[in-house]
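I opened my notebook for another browse today. Here is what I looked up, in the order I went.

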Amino acid sequence: MKFKAMTAVAALLVAAPIMGMADEEAELVVNGEIEMVTKTEPPAHLEGALPEIMSGWRFRSDETQQTQMDDFDNPGMIFVDQAQAAWDTAEGSEGKSCASCHNEPASSMEGVRAVYPKWNEEAGEVRTLAMQINDCRENQMGAEPWKYTGNEMTAMEALISIESRGMPVNVAIDGPAQSVWEEGKEMYYTRYGQLELSCANCHEDNYGNMIRADHLSQGQINGFPVYRLKNAKLNGSHARFKGCVRDTRAETFKPGSPEFVALELYVASRGNGLSVEAPSVRN
């Protein structure tokens, strides 16, 4: 059974790309003014695993690339507008909105997305941006937490991320966060499911190749939340993790679980130096 499963996977992968990247020399500039780094030197902690790191934008078709280059064309911006309305709406027992404490996102959220996940000293844990949003809702607003991968959550993550667009991902992996990072790294290289595939098998060993009709990227998450043409909505990184593990025919982990928090920290750190792009557009 193992031989048959691995043979089936090998048949899906083309030894060399059927079609190259949309334009290997293309540069991502949003709205004609926000310059994005989509290819750069890998962070030192990758220890030679990749010769360079590349945003998933570079693996998309010309048409998809163009859609992300103008906010008027980017369908993810619809959800950003919805999140702005939620930002200004008071909820919960405290009668507060996000704006009550943080004013406008432009004045308080600059650079936030670029450093998440991060260690929270008071809580004694690594927190993702989604975890921090729900902490504010529950403990500052007295409101119900949002579903981890729900529409409200991914829209709010996108709104906050907008204020970091063009800034380099700079996730800290030292100090008390290191042990969580190590857990995420171990998970990244662990084979799962009946197909016995790890994250690295696709996104490190075979990026640039084709699997069915998809052009495999390095699996960078600097663009999350992403608007996926496949399901016509914003998607968070944990929803994508869940789908990937499920595709190995394994019992997957839950969004927001310690396993996926650790994996997000590790995968985010693999993109240190790439620009925050969210909301990006992908297949």
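**Pocket, salt bridges, rings**

I started with the second largest pocket of this predicted model, and found 19 residues in its lining, with His-102, Met-109, Gln-132, Ile-133 and Cys-136 lying nearest the centre. The volume of this second largest pocket came out at about 350 Å³. I then asked which helices supply at least two residues each to its lining. They are helix 4 (98-102), helix 6 (129-141) and helix 7 (151-162). Helix 6 gives the largest share, seven residues. Sorting the lining by class, I noted 13 nonpolar, five polar and one charged residues.

Next I turned to salt bridges, and the count came to eight. I picked out Asp-214 with Arg-60, whose closest N and O atoms are 3.1 Å apart. This pair links distant parts of the chain, 154 residues apart: Asp-214 sits in strand 8 (residues 214-215), and Arg-60 in the loop between strand 4 (53-54) and helix 2 (62-68).

Glu-125 to Arg-127 is 3.0 Å between the closest N and O atoms, and Arg-127 to Asp-135 is 3.4 Å, N to O. Arg-127 counts as buried at 11%, as does Asp-135 at 18%, whereas Glu-125 is partly exposed at 30%.

Last, I searched the whole structure for aromatic pairs and got eight. One cluster is formed by Trp-181, Tyr-188, Tyr-189 and Tyr-266.

Methods: Residues are numbered from 1 along each chain as its sequence is written. This is a predicted model: local features need pLDDT of at least 70, side-chain atom pairs count only at pLDDT 80 or more; totals for chains, interfaces and linings use all residues. Side-chain values use heavy atoms; hydrogens and water are left out. Rings of Phe, Tyr and Trp (its six-membered ring) pair if their centres lie within 6.5 Å; planes under 30 degrees apart count as stacked, over 60 as edge-to-face and the rest as tilted. On a 1 Å grid over the protein atoms alone, a cavity is a set of points where a 1.4 Å probe fits but cannot get out, and a pocket is an open set with protein on both sides within 12 Å along at least five of seven lines; lining residues have an atom within 4 Å of a point. Grid points are joined across faces, edges and corners, and a volume is the space filled by probe spheres set on the points. Helices (H or I, at least four residues) and strands (E, at least two) are DSSP runs, numbered from the N terminus. Ala, Val, Leu, Ile, Met, Phe, Trp, Tyr, Cys and Pro count as nonpolar, Asp, Glu, Lys and Arg as charged, and the others, Gly among them, as polar. A salt bridge is a side-chain nitrogen of Lys or Arg within 4 Å of a carboxyl oxygen of Asp or Glu. Buried means under 20% relative accessible area, exposed over 50%, partly exposed in between (1.4 Å probe, protein chains only).
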